[in-house]
Amino acid sequence: MRPGTDAIALYGTDFGTDPAKLYREMRARYGTVAPILLDGDVPGWFVLGYRELHQVTSNPELFARDSRRWHAWEQIPEGWPLMPFVGHQPSVLFAEGAEHRRRAGAISDALTAIDQFELRQICERLADGLVDAFAGSGEADLMVHYAARLPLLVIAELFGFPGTEVSELAADIAASLNADDGAIAAHQRVAARMQRLVKARRARPGADVPSRLLAHQAGLADAEVVIDLLVVMAAAQAPTANWIGNTLRLMLTDDRFAVSLSGGRRSVGQALNEVLWHDTPTQNYIGRWAARDTQLGGRRIRAGDLLILGLAAANTDPQVRPDFSEAGSDGNQAHMSFSHGEHACPYPAPEIAEVIAKAAVEVLLDRLPDVMLAVPAEDLVWHPSLWMRGLVGLPVGFTPAYTPIPAMRASGAVYG
């Protein structure tokens with residue numbers, strides 16, 4: 001069967017309602033690899049099975065990242081909305097083999113040099129500043145006013161962006177993610193800021209990620225550093241923001257975590273891990289391209305075929321999904337939320353994201369211990385996205401101007 005024959009259209013559907021149900025239906029109908037149609041009826045394969053996804057991500061020579069292998073370029077209409085995901089760029093995302101190892105290795109080394117204790121302090125300071133802005137009002141939208149802002153503020157500081165630029169940088173990054181005429185101009189402004197930053201760090205190195213990349217033994221050119229930093233920043237922003245928001249939603253709507261706030265059995269760390277299994281921020285990823293004819297999940301995959309990595313679908317595979325009602329399942333971190341293999345999120349990016357997300361949730365709950373949803377849980381709206389899982393808003397209410405207890409937060413006495 002070719003993709004497109006008896007295929008399911010993965011566009012024009014409200015994926016935010018119940019993606020897990022969609023994945024169950026696809027698995028029952030197609031098995032572990034499903035024929036799909038993307039926007040404009042562009043064909044591809046959707047990898048649902050955990051074992052099959054592991055196979056794809058473990059074999060970059062067969063299931064490669066360079067999109068120029070795609071045989072369907074003639075079918076792609078002008079202005080195709082998914083072009084930003086598949087249009088080849090000279091970045092670490094599309095690099096392969098030794099070139100990818102050179103670029104990804106430099107990024108990993110630059111991120112590894114970040115001191116985890118210092119990072120935690122940065123996150124707490126910036127999170128406190130965001131809470132200060134709305135603590136006196138007794139109400140807030142935790143997605144708009146908190147979760148969506150904190151990751152970018154942290155990354156901007158780790159990158160060494162001047163404080164005077166962060167507000168406009170945040171606005172441009174948000175605008176660049178919109179599907180409108182201003183997105184391209186906003187992205188260009190973000191890229192221009194990154195170019196100025198890299199040029200400044202080349203002249204005057206500092207204790208920041210761009211300076212470490214420029215000094216790395218890989219010998220990266222300025223243009224390589226600019227585009228790879230843009231990739232890192234984009235990968236850190238929306239996924240981490242949604243990880244924070246999804247975790248706060250879970251802890252505010254699930255009695256197991258409400259109990260933990262008064263010393264029960266469920267911690268913030270457990271909530272963060274459960275979200276990666278149930279509501280992982282990066283639902284699906286485009287993609288891989290078959291380097292030659294092969295077989296996968298009983299399907300015949302031809303050279304040049306596009307494969308979509310169903311990260312959330314693999315996490316719901318009944319063969320591997322943990323039962324969080326059972327003892328000992330909380331520590332299971334075998335999820336595919338950060339992908340797997342050579343092209344997974346480079347170490348230690350997942351650990352850095354976890355420090356940011358954990359600090360965000362703990363600071364908020366320390367500062368606003370009586371925080372509650374301002375709307376019924378069923379009224380919360382998810383973005384109707386095939387690619388990301390995140391809330392449009394998370395409105396809450398709380399007692400205004402609550403005084404923080406930094407000593408308890410720093411000791412970990414409340415959440416462990």
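The model is predicted: local features need pLDDT of at least 70, side-chain atom pairs count only at pLDDT 80 or more, and totals for chains, interfaces and linings use all residues. Residues are numbered from 1 along each chain as its sequence is written, and side-chain values use heavy atoms, without hydrogens and water.

**Sheet and helices**

Six strands make an open, mixed sheet, ordered S1-S2-S3-S9-S6-S4. Helices (H or I, at least four residues) and strands (E, at least two) are DSSP runs, numbered from the N terminus. Two strands pair if DSSP finds at least two bridges between them. The edges are S1 (8-9) and S4 (63-64), each pairing on one side only. S1 runs parallel to S2 (residues 33-38), with two bridges. Ile8 sits opposite Ile36 in S2.

Helix H1 (residues 19-30) packs on the sheet and touches S1, S2 and S3 (42-47). Its direction makes about 120° with that of S2. Helix H2 (residues 50-57) also packs there, touching S2, S3, S4, S6 (285-290) and S9 (306-309). The direction of H2 makes about 120° with that of S9. Contact means heavy atoms within 4.5 Å. Axes are lines fitted to C-alpha atoms, for helices over the stretch in contact; angles between N-to-C directions run from 0 to 180 degrees.

**Cysteines and Asp379**

There are zero disulfides (cysteine sulfur pairs within 2.5 Å). Buried means under 20% relative accessible area, exposed over 50%, partly exposed in between (1.4 Å probe, protein chains only).

| Residue | Relative accessibility | Class |
|---|---|---|
| Cys123 | 0% | buried |
| Cys345 | 37% | partly exposed |
| Asp379 | 46% | partly exposed |

Asp379 lies in the loop between S10 (372-373) and S11 (395-397). Asp379 and Leu394 are 15 residues apart in sequence and 9.9 Å apart in space, C-alpha to C-alpha.
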